[in-house]
Amino acid sequence: MAHQHERTSARKCAAQILYTGAIRNTSALELLKAGDISCLESTVTDYAYSLVEGVEDHLEEIDERLSTSSRNWKIERMPVMDLAILRIALYEMLYVDAVPISVSINEAVEMAKSFGGDDDSPKFVNGMLGNLARQIEEA
């Protein structure tokens, strides 16, 4: 259970870092490496670092998948925090075998409830990740 809580905190931290990078229009990983960023409620753990690094390393593929699976929403129009949450969850779904897809989706929806821009954020995140999960499972 403690391991699960650590990953939940790491996901929240990674979302904050990716959000900050996006609003500063710079690499979140570079901010992290330079020590120019921290998390509100926790320290930057190895897992948080690996999520930020993984999202940035695979950003083109992640954003392509998000673009093709979103109806009527261009990435540029998505709320910045929702996008950070989606990117983390999709990275986990594609590249982190130790985390089941259902856990990535659930964690993302919970983060959207906490950090999302409005009441529709959890529904939007859930819908997007549900579509992506079906695509991944079909492949």
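Guide: A residue is called buried when its relative accessible area is under 20%, exposed when it is over 50%, and partly exposed in between (1.4 Å probe, protein chains only). The model is predicted, so local features need pLDDT of at least 70 and side-chain atom pairs count only at pLDDT 80 or more, while totals for chains, interfaces and linings use all residues. Residues are numbered from 1 along each chain as its sequence is written, and side-chain values use heavy atoms, with hydrogens and water left out.

Let us begin with Lys 12, which is placed in helix α1; helices (H or I, at least four residues) and strands (E, at least two) are DSSP runs, numbered from the N terminus. Lys 12 counts as partly exposed because its relative accessibility is 26%. Apart from neighbours within four places in sequence, Lys 12 is in contact (heavy atoms within 4.5 Å) with Met 111 and Phe 115. Along the chain Lys 12 and Glu 41 are 29 residues apart, yet 8.8 Å separates their C-alpha atoms.

Searching the whole structure gives one disulfide, a pair of cysteine sulfur atoms within 2.5 Å. Its partners are Cys 13 and Cys 39, with sulfur atoms 1.6 Å apart. The link is right-handed, with 65° about the S-S bond. Because Cys 13 lies in helix α1 and Cys 39 in the loop between α2 (28-34) and α3, the pair ties together parts that are 26 residues apart in sequence. Both partners are shielded: Cys 13 is buried, at a relative accessible area of 1%, and Cys 39 also counts as buried, at 9%.

We now turn to helix α7. Its 18 residues (121-138) should span 26 Å at 1.5 Å a residue, and the end C-alpha atoms are 26 Å apart, which agrees; the expected span is 1.5 Å times one less than the number of residues. Among the buried residues of α7 are Phe 124, Met 128, Asn 131, Leu 132 and Ile 136. The cover over the buried residues of α7 includes α4 (59-69), α5 and α6 (101-115).

Ser 69 belongs to helix α4 and is buried, because its relative accessible area is 6%. Residues up to four places away in sequence aside, Ser 69 touches Met 128, Asn 131, Leu 132 and Gln 135. Of these, Met 128, Asn 131 and Leu 132 are themselves buried residues of α7.
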